Amino acid sequence: MLRYNDIAEKVLSYNPKADLDLLGGAYIFSAKVHQGQVRLSGEPYLSHPLEVAGILAEMKLDVTSIAAGLLHDTLEDSFTTLDELKTVVGDEIANIVDGVTKIAHIEFSSKKEEQAENFRKMILAMSKDIRIVLIKLADRLHNMRTLQYHRTERRAAIAEETLDIYAPLAHRLGIDWLKSELEDLSFRYVKPDIYQRIAEYVRANQQETDRYIQKVIGVLQEQLTAAGLTIDIKGRTKSEYGIYRKMESQNLSIDQVYDIIGFRIIVESLSDCYAALGIVHSLWRPIPGRFKDYIALPKANGYQSLHTAVIGPYGARVEVQIRSRDMNRIAEEGIASHWRYKEGRKSKSMSQDEQKDDERFAWLRQLLEWQRDLQDPGEFLDTVKIDLFPDQVYVFTPQGDVKRFPKGSTPVDFAYSIHTDVGNRCSGAKVNGKLVPLRYQLRNGDIIEILTSSTQRPSKDWLDLVVTARARSKIRHVIHQEERLQSMKMGADLLDREFRRAGLNFQKMQKRGEIQRVLDELNLRSIEALQSQVGYGKLSPRGVLKRLLPPDKLQPEVQEGATRLGEIFRRALKRSRPSGIQLRGVGDILVRFGKCCGPVPGDEVVGFITRGRGVTVHSASCSKALLIDPERRVDVEWNQEEGLLHPVKIRIVSVDAPGILALLSKTLSAADLNISHARITTTRDQKAVNTFEFAVTNLTHLNRVIKQIEKIQGVISVERLST
């Protein structure tokens, strides 16, 4: 079993100023709470946190990380509470341990590639401090090294999870040696028969392979040294998992995998790389199409090396990589993470989300590279407390699948992501088994269960709850559909009433096809469209009747039906106060202005027929206007008259200092504005929030006032609000 002294010595070897008191305190507390516990191997449980801390020390992490490694199981496998842990080792270490514990509680049930990728992103999104991920990877590595003590079926499940989630995660973070070991350890349990067959094949040929490797190294050493190059050469056989991947990707049997031997030549400089390549190609014939120059054209992640394959001694295919010492350090020590290349992705085919992810990880790789240059790793890691996906949340379905949503999403967004019907009938939600309101904002790791009701329907209020485009469009569709059905019903009633007054039966005329002539003249596709137009007030029932009967057969018109457009205009003419809005050349009509946006002359506007209340005018950019059925829309424009005023509301945030309010009032008075309402509040951070209501003639007038206010010393921001 690894000893605490071994870990302390390792830490001092790369960080002589390390706080061993902190490390020792963490070790003593871990030993205390795990006392009497044993692992499946029969070893004291303390052996596991010691080994995890040892792996972190090999990675040259800071004392905080290694102390958290010693304590990483205390919250999960002992009676220790988070508050108690904070008292013993402080908030920083305790919060890291808490983060590792939360990841440990995730059950990775789905093995689909897309889901596995979401799981990996979820781990990163949940980890505000990157050290949480590194500790979790070290924890998984030691568990894989001792996996043989688990039951057979449990071994396979843990190994598959490691292969799906943790090995790619290590690869993505650029820790290639960790990724390779996790892959090899997992492979023997995920596919034991194939692993055994490949391992036996490698063992059977090991002596011959070793002799071949030594022969090739000898030839290369002699020729490259004779050319004046200072070199290191390493030869190796592909790992069992590497051989399996080649068999799978190229559909080969094991005896068809010829290039299982590879060599890496490390030289001193960039020019030496090309000199060494020339010598290798002069010794053995290169295989066409297998040469890659990643020095002249580095991979997107900064990886540099020369790759070639040759027909070596005895006709065997051999892979050769040539790189400088600096290139090798970057490639080997977790900087050149080539996860995108290995997964077969090319930059042109990457989605916008994938490109954003790549930028995030490029930044992380740069941080890791800087860490290698620091004497004290704590200087680096203490600053790396980053949420790699701040604009996304990852949550679970009850079945264990992961779904990704924008930050701020609610259970309603989640419901519509499952199915439109689930969203439309969403009546409530449970998060982690507890009822929550529909306005609850989803958090990383939540398990969401949607409750439905056959009587539930979406409302306009839901549009304030959702952030995803899918949910918003589905809610709008239902609202528009219901408004259309209501207008059709109203239109049908109005038509029936008008036709009965004329001694006609609208339904019978429809069945006889007599109404079709009206539909053709009005360019309407169906009787429902006709009813909808009448219901919205765009057509009058009498106007429809006039197209069917000669004038002498029509009854005198009865003035009723407040929803008819003609009636709207007649009522409008009786108004005493002009609105400044005209409709298709008609001047002063019955007009209401949307309180949601409070448009003023100069704003682009749209109008909507409102049953019994004329036309409601909204700003063209108003979010509420987007929700109204487009069939109710009419074209309106400003017809500004001299002196006509329009109410507006502004919010001014300023410092909370004497004299500011007086200056604001003076500026508004100087602009000939009459303040109709004012509200002043202060905040704890010594700011004042001033809300004023007044009337302006147009947008230019308002903007001029806002600019004058912004010039006042102490004003932080000026914002126009809805009236």
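Four strands make an open, antiparallel sheet, in the order E19-E20-E18-E21. The model is predicted.

Biologist: Which strands are the edge strands of this sheet?
Modeller: An edge strand pairs on one side only. The order runs E19-E20-E18-E21. The edges are therefore strand E19 (677–682) and strand E21 (715–721).

Biologist: What does the twist average from one strand to the next?
Modeller: The sheet is open and its pairing is antiparallel. From one strand to the next, the twist averages 15°.

Biologist: How many bridges join E19 to strand E20?
Modeller: E20 covers residues 687–696 and runs antiparallel to E19. One of the pairs is Ala678 with Phe692 of E20. The number of bridges joining E19 to E20 is six.

Biologist: Which strands does helix H28 touch?
Modeller: H28 spans residues 660–670 and packs on the sheet. Its direction makes about 15° with that of E20. The strands touched are E18 (646–655), E19, E20 and E21.

Biologist: At what angle does helix H29 run to E21?
Modeller: H29 takes in residues 699–710. It lies across E18, E20 and E21. Its angle to E21 is about 160°.

Biologist: Moving to helix H25, how many of its residues are buried?
Modeller: H25 spans residues 527–536 and is mostly covered. Among its buried residues are Ile527, Leu530, Val534 and Tyr536. Gln531 and Ser532 are buried too.

Biologist: What covers the buried residues of H25?
Modeller: The cover includes helices and a strand. The helices include H22 (469–501), H23 (506–511), H24 and H26 (541–546). The strand is E14 (605–610).

Biologist: Is Gln516 buried, partly exposed or exposed?
Modeller: Gln516 sits in helix H24 (residues 516–522). Its relative accessibility is 41%. Buried needs under 20% and exposed over 50%. Gln516 is therefore partly exposed.

Biologist: How far apart in space are Gln516 and Ser526?
Modeller: In sequence, they are 10 residues apart. C-alpha to C-alpha, the distance is 8.5 Å.

Biologist: Is Thr162 buried or exposed?
Modeller: Thr162 lies in helix H10 (residues 152–172). Buried means under 20% relative accessible area. The value for Thr162 is 0%, so this residue counts as buried.

Biologist: Which backbone oxygen does the side chain of Thr162 reach?
Modeller: Beyond its neighbours within four places in sequence, Thr162 has contacts that include Arg140, Met144 and Leu182. Its side chain also reaches a backbone oxygen at 2.8 Å. That oxygen belongs to Ile158.

Biologist: How many disulfides does the structure hold?
Modeller: Cys273 is buried, at 0% relative accessible area. Cys426 is buried as well, with a relative accessibility of 0%. A disulfide needs two cysteine sulfur atoms within 2.5 Å. The count of disulfides is zero.

Biologist: For the whole chain, what share of residues counts as buried?
Modeller: The chain has 29 helices and 21 strands. Its accessible surface comes to about 36400 Å². Of its 723 residues, the buried share is 48%.

Key
Residues are numbered from 1 along each chain as its sequence is written. This is a predicted model: local features need pLDDT of at least 70, side-chain atom pairs count only at pLDDT 80 or more; totals for chains, interfaces and linings use all residues. Side-chain values use heavy atoms; hydrogens and water are left out. Helices (H or I, at least four residues) and strands (E, at least two) are DSSP runs, numbered from the N terminus. Buried means under 20% relative accessible area, exposed over 50%, partly exposed in between (1.4 Å probe, protein chains only). Accessible areas come from the Shrake-Rupley method with a 1.4 Å probe; for residues, only the protein chains shown count as cover. Two strands pair if DSSP finds at least two bridges between them. Axes are lines fitted to C-alpha atoms, for helices over the stretch in contact, and angles run from 0 to 180 degrees between N-to-C directions. Contact means heavy atoms within 4.5 Å. A polar contact is a pair of N or O atoms within 3.5 Å; within protein, one must be able to donate a hydrogen and the other to accept it, and residues adjacent in sequence count only if both atoms are side-chain atoms.
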